[in-house]
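Welcome! Please take a moment with the sequence and the fold below, and then let us walk through a few places together.

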Amino acid sequence: MASLLAALSFLTIFPSPKSADLSQQVVSNSRAWFPLVGLLIGILMVGLEWSLGYLFPPYLTAALLVVLLVIVNRALHLDGLMDSCDGLFGGNTPERRREIMRDSSVGAFAVAGAGSVLLLKYGALLSLLSVSVPGKEAALLVFPVVSRYAMVLQLMVYNYVRTPGLGSPFHGRDARIPSIVAAIIAALAVGILGGLGGILILAAICLFALALGQVAVRLIGGLTGDIYGATNELSEVAALLGAVALLPLGLLSPVTHQVSTYLGAF
C-alpha cells in the first residue's frame with residue numbers, strides 16, 4: 001500500500017504521503033503501480049469526457065481533456081519535456097546539455113516543444129471524440145497506461161546520470177520484481193481494455209521509449225528525471241496518434257467485444 005501511495009504522490013496531484021516520509025525502497029518499488037495510476041487517470045478522462053459531452057462540443061471537450069492531463073500531475077512531466085528540449089537541443093556537449101536542463105529558465109526550444117506536444121494532443125483527442133465508430137473510451141483508458149509504463153521500462157533499462165535528482169530514489173535498489181509487476185499490469189490492462197489494438201500500441205510505445213532512452217544516453221550519457229517526464233509526454237502523443245489510426249480499423253476495443261465479434265462472424 002505504501003508503494004501505491006508513493007506512486008500516486010509522484011504521478012498525480014492527489015493527496016498522499018510525501019516522498020520525504022518514505023524510504024528509498026518504497027519509492028523505488030512504487031514503479032510497480034505506475035500503469036495502475038495511468039489507468040486511474042484514464043478512468044478520470046473517460047468520466048470527464050462523458051460528462052462534458054452533454055455540455056460542450058468536441059472541440060472544447062478535447063481542450064479541457066488536455067488541460068486535465070496538465071493539471072493531474074502538476075505539469076511535472078510537461079516541465080521535464082521543456083527542460084529536455086532546452087538541454088538536448090541547446091547544448092553541444094553532454095555536460096553542457098545537463099547544465100541547461102538543470103536551469104529553471106525557459107528557452108525557445110522548451111516553448112516550441114511544449115506547444116507542439118499540446119497541439120498534437122489536442123488534435124488527437126479531438127479526432128478520437130469526433131469519430132463515429134466505437135472504441136474512444138478504450139483509447140482514453142489505454143494511452144495513460146502505456147505512457148506511464150514507458151517510464152518504468154526506461155528505469156529498468158538505462159542508467160541514471162544525475163545525482164542527486166528527482167529520479168534518484170528510483171535507482172540504487174533491486175527493482176526487478178516491481179518492474180515485472182508493472183509490465184504485467186500494463187499488458188493485462190491494455191489487452192483487456194484495448195484488445196489487439198491495445199497490445200500493438202503498448203509494443204510500439206515500448207520500442208519508442210527504448211529509442212528515446214538511447215538518444216538520451218548518446219546526448220547526455222544517461223537518463224534524468226526530465227527525460228522520464230519527456231518520455232511520458234511524448235509517449236502520450238504517440239499512443240494517441242496510434243489510437244486514432246487503429247480506431248477506424250476496429251482493432252481498439254475491449255477484448256470481450258472483439259471475441260464476440262469474431263465468434264459472430266461464424
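Pro-144 touches Gly-38, Ile-41 and Gly-42, leaving out residues up to four places away in sequence; a contact here means heavy atoms within 4.5 Å. Pro-144 sits in helix 8. Helices are DSSP runs of H or I with at least four residues, numbered from the N terminus. With 0% relative accessibility, Pro-144 counts as buried; buried means under 20% relative accessible area, exposed means over 50%, and partly exposed lies in between, using a 1.4 Å probe and protein chains only. Along the chain Pro-144 and Glu-233 are 89 residues apart, and their C-alpha atoms are separated by 9.7 Å.

A word on the background: this is a predicted model, in which local features need pLDDT of at least 70 and side-chain atom pairs count only at pLDDT 80 or more, while totals for chains, interfaces and linings use all residues. Residues are numbered from 1 along each chain as its sequence is written, and side-chain values use heavy atoms, with hydrogens and water left out.

Next comes the pair of helix 3 and helix 4. Their axes, which are lines fitted to C-alpha atoms over the stretch in contact, come within 10 Å and cross at roughly 150°. That makes the two helices roughly antiparallel, a label for angles over 145 degrees on a scale from 0 to 180 degrees between N-to-C directions. Helix 3 brings residues including Ile-41, Met-45 and Leu-52 to this contact, and helix 4 brings residues including Thr-61, Leu-65 and Val-72.

What lies in the largest nonpolar core? It has 59 residues, and Met-45, Leu-125, Val-146, Tyr-149 and Ile-201 touch the most other members. Such a core is a set of buried Ala, Val, Leu, Ile, Met, Phe, Trp, Tyr and Cys residues joined through side-chain atoms within 4.5 Å. Helix 8 gives the largest share of this core, 14 residues. Among the contacts of Leu-125 are Met-45, Leu-65 and Leu-240, not counting residues up to four places away in sequence. There is also a second, separate core of 9 residues, and Leu-81, Met-82, Cys-85 and Ala-110 are included in it. In soluble globular proteins, nonpolar side chains tend to be buried together.

His-77 belongs to helix 5, which covers residues 76-90. Its side chain makes a polar contact with the side chain of Asn-232 at 3.1 Å. A polar contact is a pair of N or O atoms within 3.5 Å; within protein, one must be able to donate a hydrogen and the other to accept it, and residues adjacent in sequence count only if both atoms are side-chain atoms. Beyond its neighbours within four places in sequence, His-77 is in contact with residues including Leu-11, Arg-148 and Glu-233.

Here are four residues with their accessibility:

| Residue | Relative accessibility | Class |
|---|---|---|
| His-77 | 3% | buried |
| Ala-238 | 27% | partly exposed |
| Arg-74 | 44% | partly exposed |
| Ala-75 | 25% | partly exposed |

Where is Arg-74 placed? Arg-74 is in the loop between helix 4 and helix 5, and it has a positive phi of about 60° although it is not a glycine. Ala-75 lies in the loop between helix 4 and helix 5, and its phi is near 60°, a positive value in a residue other than glycine.

Finally, Ala-238 is found in helix 10. Leaving aside its neighbours within four places in sequence, Ala-238 is in contact with Ile-205 and Phe-208.

Technical notes. Angles under 35 degrees count as roughly parallel, over 145 as roughly antiparallel, 65 to 115 as roughly perpendicular and the rest as oblique.
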